[in-house]
Amino acid sequence: MASSSMARGSLWTAKQNKQFEEALVMYEKDTTHRWHNIARACGKTVDEVRRHYEALEKDINNIETDRVPIPDYTPISTTRGYTNDHRLMMKNLKLK
């Protein structure tokens with residue numbers, strides 16, 4: 001079953017999310033008909049794309065302002081390449 005996320009009632013598959021992200025990079029803010037192009041790229045309506053973008057902005061803002069708690073990951077064996085140092089690095093990671 002495909003993974004999905006909800007943005008105010010619109011179901012998005014993992015593939016559509018990836019297409020959305022790639023289209024955001026391709027069609028920058030000053031691009032003519034940006035939202036129409038992004039909608040066409042991921043098979044959604046302009047309204048669905050705008051709502052999805054607003055939800056993404058809200059999520060990023062919540063993460064950057066520390067409103068989202070950092071998960072309490074259990075330590076993973078160093079034989080798999082993860083240590084508490086990696087956990088601390090992720091805790092201090094900020095989106096730009």
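Visitor: Which residue just after H3 takes a positive phi?

Guide: That residue is Asp 66, with a phi of about 60 degrees. This is a predicted model, in which local features need pLDDT of at least 70, side-chain atom pairs count only at pLDDT 80 or more, and totals for chains, interfaces and linings use all residues. Residues are numbered from 1 along each chain as its sequence is written, and side-chain values use heavy atoms, with hydrogens and water left out.

Visitor: At what angle do H1 and H3 pack?

Guide: Helix H1 (residues 14–26) and helix H3 (residues 46–64) pack at about 85 degrees, their axes 12 Å apart. H1 is therefore roughly perpendicular to H3 (angles of 65 to 115 degrees). Helices are DSSP runs of H or I with at least four residues, numbered from the N terminus. Axes are lines fitted to C-alpha atoms over the stretch in contact, and angles run from 0 to 180 degrees between N-to-C directions.

Visitor: Which residues meet there?

Guide: From H1, Asn 17, Phe 20 and Leu 24 meet Val 49, His 52, Tyr 53 and Leu 56 of H3. The contact residues divide into 5 nonpolar, 2 polar and no charged.

Visitor: Which residues of H3 are buried?

Guide: Val 46, Glu 48, Val 49, His 52, Tyr 53 and Asn 62 are buried in H3, meaning under 20% relative accessible area (1.4 Å probe, protein chains only).

Visitor: Turning to Gln 16, is that residue buried or exposed?

Guide: Gln 16 counts as buried because its relative accessibility is 17%. The residue lies in helix H1. Leaving aside neighbours within four places in sequence, Gln 16 is in contact with Leu 11, Cys 42, Gly 43 and Lys 44, where contact means heavy atoms within 4.5 Å.

Note on methods:
Helices (H or I, at least four residues) and strands (E, at least two) are DSSP runs, numbered from the N terminus. Angles under 35 degrees count as roughly parallel, over 145 as roughly antiparallel, 65 to 115 as roughly perpendicular and the rest as oblique. Ala, Val, Leu, Ile, Met, Phe, Trp, Tyr, Cys and Pro count as nonpolar, Asp, Glu, Lys and Arg as charged, and the others, Gly among them, as polar. Buried means under 20% relative accessible area, exposed over 50%, partly exposed in between (1.4 Å probe, protein chains only).
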